[in-house]
Amino acid sequence: MNKLVLNQVKFKFPIFLTFIHYVISWLLMAVLKAFSILPASPSSKLTRSSTLIALGTVMSLSTGLANVSLKYNSVGFYQMSKIAVTPSIVLAEFILYKKRVSCSKVLALTVVSIGVAVATVTDLQFDLFGACIALAWIVPSAVNKILWSSLQQQENWTALALMWKTTPITLLFLVALIPLLDPPGALSFDWNFNSTLAILTSAVLGFLLQWSGALALGATSAITHVVLGQFKTCVLLLGNYYLFGSNQGNTSICGAFTAIAGMSYYTYLNMKQKSSKTSSRQASSLPISRLSKENGSVNDGNYGGESVKQDT
């Protein structure tokens, strides 16, 4: 939808489009807040203001630069650039949280990345400026996902509450980016019914995408969120091929299936890790249960009788 607005509607202002998206998102959340549907924020003592400012800043860069990339590059190249986000997240999480990824998961993510690269290789249209923007987008995108995931999982933020808190900060930084990355003439754009409807539709979809993405980040992890996005790419490619007869070529189809195989293995590893953690927790509580039973059996004898008498 964003590509349609930028190319077909001729709205050549990607940062201003992002600004409109966040304004609409803020208005929709204000309506939810007015009806007391918006969840309350956790205690301000749990989260430093600098962390929220950092999140708002990287959100403006991540979303704004993504739309600039869509303006100058094809959707295929935009998807290809997402592959670099995965190793960036792994490196950033290791630097920030000393979090390590197992060799098995590295293998699965490598298969996913190769599969997505092969699947999207047929649609790689870009220019030098667009490629530079795509490279500049990688780090803010990785940090953005990590902060969204950690704030929700470690500091009890809900997706909507965090969006409500950081959107004003994001809008402020987007205003600063507009004169740097957008061409002049946004106010003289022909705001007819069709173009306005297309822009507002993309804004509503942007709000739903941000909300669902934030929910996924809170429930899983930054890396899993990237894998989910790549799964979406493969489903779209295969859906176009099998449902609409779009000839993507055998190479792209094989790449999509390869990526899905890697995603399946990655999902299996995550489920196995979660299951082992659950088992270890149950095992750690087992000695306590046995001790309770042993104490209970002892209380059936003379020592138990004395204990009851003392308590009474």
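Helices (H or I, at least four residues) and strands (E, at least two) are taken as DSSP runs, numbered from the N terminus, and the expected span of a helix is 1.5 Å times one less than its number of residues. The structure is a predicted model, in which local features need pLDDT of at least 70 and side-chain atom pairs count only at pLDDT 80 or more, while totals for chains, interfaces and linings use all residues. Residues are numbered from 1 along each chain as its sequence is written, and side-chain values use heavy atoms, with hydrogens and water left out.

The chain contains twelve helices and zero strands, giving the pattern α-α-α-α-α-α-α-α-α-α-α-α along the sequence. Of its 312 residues, 42% are buried, where buried means under 20% relative accessible area, exposed over 50%, and partly exposed in between (1.4 Å probe, protein chains only). Among contacts (heavy atoms within 4.5 Å) with a separation of 6 or more, 85% join residues 24 or more positions apart. The chain exposes about 17200 Å², of which carbon and sulfur atoms supply 65%; accessible areas come from the Shrake-Rupley method with a 1.4 Å probe, and for residues only the protein chains shown count as cover.

The largest nonpolar core comprises 73 residues, and Phe11, Leu55, Ile89 and Trp148 have the most contacts inside it. Such a core is a set of buried Ala, Val, Leu, Ile, Met, Phe, Trp, Tyr and Cys residues joined through side-chain atoms within 4.5 Å. Helix α8 (residues 159-181) contributes the largest share of this core, with ten residues. Apart from neighbours within four places in sequence, Leu55 is in contact with Asn144, Leu147, Trp148, Leu151, Leu162 and Thr166.

Helix α5 (residues 85-97) has 13 residues, which at 1.5 Å a residue should span 18 Å; the end C-alpha atoms are 17 Å apart, in agreement with this expectation. Val85, Thr86, Ile89, Ala92 and Glu93 are the buried residues of α5. Viewed down the axis of α5, these buried residues fall within an arc of 125° and so line one face of the helix, the arc being that of the directions from the helix axis to the C-beta atoms. Exposed residues Leu91 and Ile95 are carried on the face of α5 turned away from its buried side. Just after α5, Lys98 adopts a positive phi of about 55°.

Helix α4 (residues 75-82) is largely enclosed by the rest of the structure, because seven of its eight residues are buried. These are Gly76, Phe77, Tyr78, Gln79, Met80, Ser81 and Lys82.

Several loop positions were also examined. Ser36 lies in the loop between α2 (14-34) and α3 (49-72) and, although not a glycine, has a positive phi of about 60°; its relative accessibility of 65% classes Ser36 as exposed. In the loop between α7 (128-154) and α8, Asn156 likewise has a positive phi, near 65°, in a residue other than glycine. At 56% relative accessibility, Asn156 is exposed. Ser221, in the loop between α9 (193-219) and α10 (222-244), is instead buried, with a relative accessible area of 16%. Excluding neighbours within four places in sequence, Ser221 is in contact with Lys99, Ser149, Gln153, Ala216 and Tyr266.

Two pairs of residues illustrate separation in sequence and in space. Gly249, in the loop between α10 and α11 (250-298), is partly exposed at a relative accessible area of 24%. Gly249 and Ala119 are 130 residues apart in sequence, with a C-alpha to C-alpha distance of 9.1 Å. Ser104, within helix α6 (residues 103-120), is partly exposed at 32% relative accessibility. Ser104 and Leu269 are 165 residues apart in sequence and 7.8 Å apart from C-alpha to C-alpha; beyond neighbours within four places in sequence, Ser104 is in contact with Tyr265 and Leu269.

Cysteine residues were considered last. A disulfide is a covalent bond between the sulfur atoms of two cysteines. With a disulfide defined as a pair of cysteine sulfur atoms within 2.5 Å, the count is zero. Cys234 is buried at 2% relative accessibility, whereas Cys254 is partly exposed, with a relative accessible area of 49%.
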